[in-house]
Amino acid sequence: MRSKTPKMLHAIGGRSLVGHVLAAVEQLSPRRVVTVIGHQRELVGPHVSERMPTAQLVVQEEQGGTGHAVRVGVEAADVATGTVLVAYGDTPLLTGESLRDFVATHEAAQRAVSVLSGVVPDPSGYGRIVRDADGDVVRIVEHKDADRDELEIAEVNSGIMAFEAGFLREALPRLSNDNAKGEYYLTDLLGLAREAGLQIGAHVLDDVVQTEGANDRAQLAGLARILNDRVLNRWMKEGVTIVDPATTWIDVDVDLAQDVTILPGTQLLGATSVGEDAVVGPDTTLRDCEVGAGAHVVRVHGELAVVGAGADVGPFSYLRPGTRLGAGGKIGGFVETKNAVIGTGAKVPHLSYVGDAEIGEGTNIGAGTIFANYDGVAKHRSVVGKHARTGSNNTFVAPVEIGDGAATGGGTVVRGTVPPGALAVSAGPVRLIEGWALDKRAGTAQADAAREALDAADEAGTDA
């Protein structure tokens with residue numbers, strides 16, 4: 001991947017590659033999950049434990065191939081009976097449903113070994129499934145070890161395999177690394193099972209793209225697009241309107257209600273949820289946000305924020321973590337909020353910053369208002385009561401408390417407390433200095449314009 005981030009931790013659809021595989025595995029309700037880690041295990045291990053705390057981590061000190069990795073895992077886990085499913089950590093499109101079908105087929109046929117296979121148009125680089133004249137699986141041959149006829153085979157090994165545990169424990173120590181790569185191939189177990197007269201077979205997966213991995217950023221982007229298309233199709237079938245799927249991205253953990261409308265250029269990320277009849281977009285990015293029923297969120301960037309039912313947000317609003325907008329409320333154009341609770345029906349319509357604040361029900365905050373919450377050392381919180389009316393271009397120097405039904409005049413700077421029902425005004429009467437432009441800006445266009453206006457007023461006998 002040419003990255004300091006391990007391949008397994010690169011993410012698509014809001015999850016790491018290995019996170020997608022663990023999610024699919026979880027759907028099988030396995031008795032035990034063993035994760036074999038090696039390269040960059042100091043990063044991969046904690047991530048796996050966070051995603052699946054019950055997973056047993058086993059370290060493969062030297063990478064000796066797939067057979068060696070499985071042997072390390074089986075010996076550490078002391079697996080004795082049942083079915084052992086081997087999956088790979090870089091196949092994010094793999095579904096739990098496909099794994100269930102695969103395991104069910106394996107167990108119903110009472111096989112010692114089963115392979116999840118698929119037919120692909122270009123099998124280059126894949127191990128080939130070799131069958132006999134009766135169509136029975138004989139072995140798997142790796143690409144580098146295949147002869148000319150075997151290279152023509154289109155059925156390939158996904159790498160995902162199922163084993164009867166007793167056979168697996170007995171056969172793993174008998175694997176050889178006498179091959180082009182000098183590695184222990186897990187696929188050689190098919191030959192050992194066949195020699196022992198045990199059942200082997202392949203389960204052909206029609207949707208073979210589920211088994212594809214990513215070895216560079218281009219392949220990663222390709223898998224991300226496929227995954228996103230599948231997520232969008234699922235939501236559209238469940239009653240969500242997505243106007244332009246080509247420009248809409250929705251993570252796998254997002255939850256959408258029926259009759260939600262998603263407009264072009266929208267990204268819904270993380271654990272975002274959107275309620276019934278809400279409209280989101282265009283050009284909106286929400287991460288880990290909650291949008292209530294019937295709300296409208298237009299050209300907004302939001303993170304860890306809550307938008308109440310029937311509320312309006314945008315355009316060009318920035319909802320930072322801790323923002324909570326009540327039902328029927330409004331956060332308007334060019335407004336930034338952070339750690340702010342804005343009550344039911346309250347409005348911050350224009351060009352304002354609301355940080356570390358609580359605004360009561362039905363209150364209107366005037367355009368250009370700033371909650372000055374930071375004194376250079378610490379943050380302070382302000383409270384504005386319900387049904388208050390604040391003027392334009394106010395500055396509230398926190399901590400401030402403005403009572404219920406209070407008001408502030410335009411341009412007011414508030415420090416301290418405004419009692420309920422009071423009017424706070426900090427600006428004094430306007431002071432006029434006649435002729436200032438003529439005196440201080442002589443020779444400029446400003447002075448010339450002032451002179452022309454004054455002369456015109458004299459001629460007309462009126463005051464300028």
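# Reading a predicted model, feature by feature

Reader: With which residue does the side chain of Asp 132 meet in a salt bridge?

Author: The general idea is a side-chain nitrogen of Lys or Arg within 4 Å of a carboxyl oxygen of Asp or Glu. Here the partner is Arg 194, at 3.7 Å from N to O. Arg 194 belongs to helix α7 (residues 189-195), while Asp 132 sits in the loop between β7 (128-131) and β8 (137-141), so the pair ties together parts that are 62 residues apart in sequence. Arg 194 is also partly exposed, because its relative accessibility is 39%.

Reader: How many salt bridges does a search of the whole structure find?

Author: The search finds 16. One of them joins the side chains of Arg 51 and Glu 26, with an N to O distance of 3.4 Å. This pair links distant parts of the chain, 25 residues apart: Arg 51 is in helix α2 (residues 41-51) and Glu 26 in helix α1 (residues 17-26). Arg 51 is partly exposed at 27% relative accessibility, and Glu 26 is partly exposed at 37%.

A further salt bridge brings together the side chains of Asp 283 and Arg 299, at 3.1 Å from N to O. The two residues are 16 places apart, with Asp 283 in the loop between β17 (279-280) and β18 (285-287) and Arg 299 in the loop between β20 (296-297) and β21 (300-303). Asp 283 counts as partly exposed at 43%, as does Arg 299 at 33%.

Reader: Where does UniProt place the feature "binding site"?

Author: An annotation of this kind comes from a record, and it may be inferred rather than shown by experiment. The unreviewed UniProt entry places the feature at Asp 90 and Asn 215. Although these positions are spread over 126 residues of sequence, they cluster in space, the largest C-alpha distance being 8.7 Å.

Reader: In which loop is Asp 90 found, and which residues does Asp 90 touch?

Author: Asp 90 lies in the loop between β5 (83-86) and α4 (96-108). Leaving out residues up to four places away in sequence, Asp 90 touches several residues, including Lys 7, Glu 212 and Asn 215. Its relative accessible area is 12%, so Asp 90 is buried.

Reader: How exposed is Asn 215, and where is Asn 215 found?

Author: Asn 215 counts as exposed, because its relative accessibility is 52%. Its place is the loop between β10 (200-204) and α8 (217-237). Apart from residues up to four places away in sequence, Asn 215 touches Met 1, Lys 7 and Asp 90.

Reader: What polar contact does the side chain of Asn 215 make?

Author: The side chain of Asn 215 makes a polar contact of 2.9 Å with the side chain of Lys 7. Asp 90 and Lys 7 are likewise joined through their side chains, by a polar contact of 3.0 Å.

Reader: At which residue does UniProt place the feature "active site"?

Author: The record, again an unreviewed entry, places this feature at His 350. In the model His 350 is part of strand β28 (residues 347-350). With a relative accessibility of 43%, His 350 counts as partly exposed. Not counting residues up to four places away in sequence, His 350 touches Gly 333, Val 335, Gly 366, Ala 367 and Gly 368.

Reader: Which residues form a nonpolar patch on the surface?

Author: To join such a patch, a residue needs over 30% relative accessible area and no salt bridge. Phe 316, Phe 334 and Leu 351 form one here, with about 350 Å² of accessible area together. Of these, Phe 316 lies in the loop between β23 (312-313) and β24 (317-319), and Phe 316 is partly exposed at 46% relative accessibility.

Key. Residues numbered from 1 in each chain as written. Predicted model: local features only at pLDDT ≥ 70, side-chain atom pairs only at ≥ 80, totals over all residues. Heavy atoms only, no water. Helix = DSSP H or I, 4+ residues; strand = E, 2+ residues; numbered from the N terminus. Buried < 20%, exposed > 50% of the residue type's maximum accessible area, 1.4 Å probe, protein only. Contact = heavy atoms within 4.5 Å. Patch = residues over 30% accessible without salt bridge, like charges linked within 9 Å, V, L, I, M, F, W, Y side chains within 5 Å. Areas by Shrake-Rupley, 256 points an atom, 1.4 Å probe, with all protein chains shown as cover. Polar contact = N/O pair within 3.5 Å; in protein donor to acceptor, adjacent residues only side chain to side chain.
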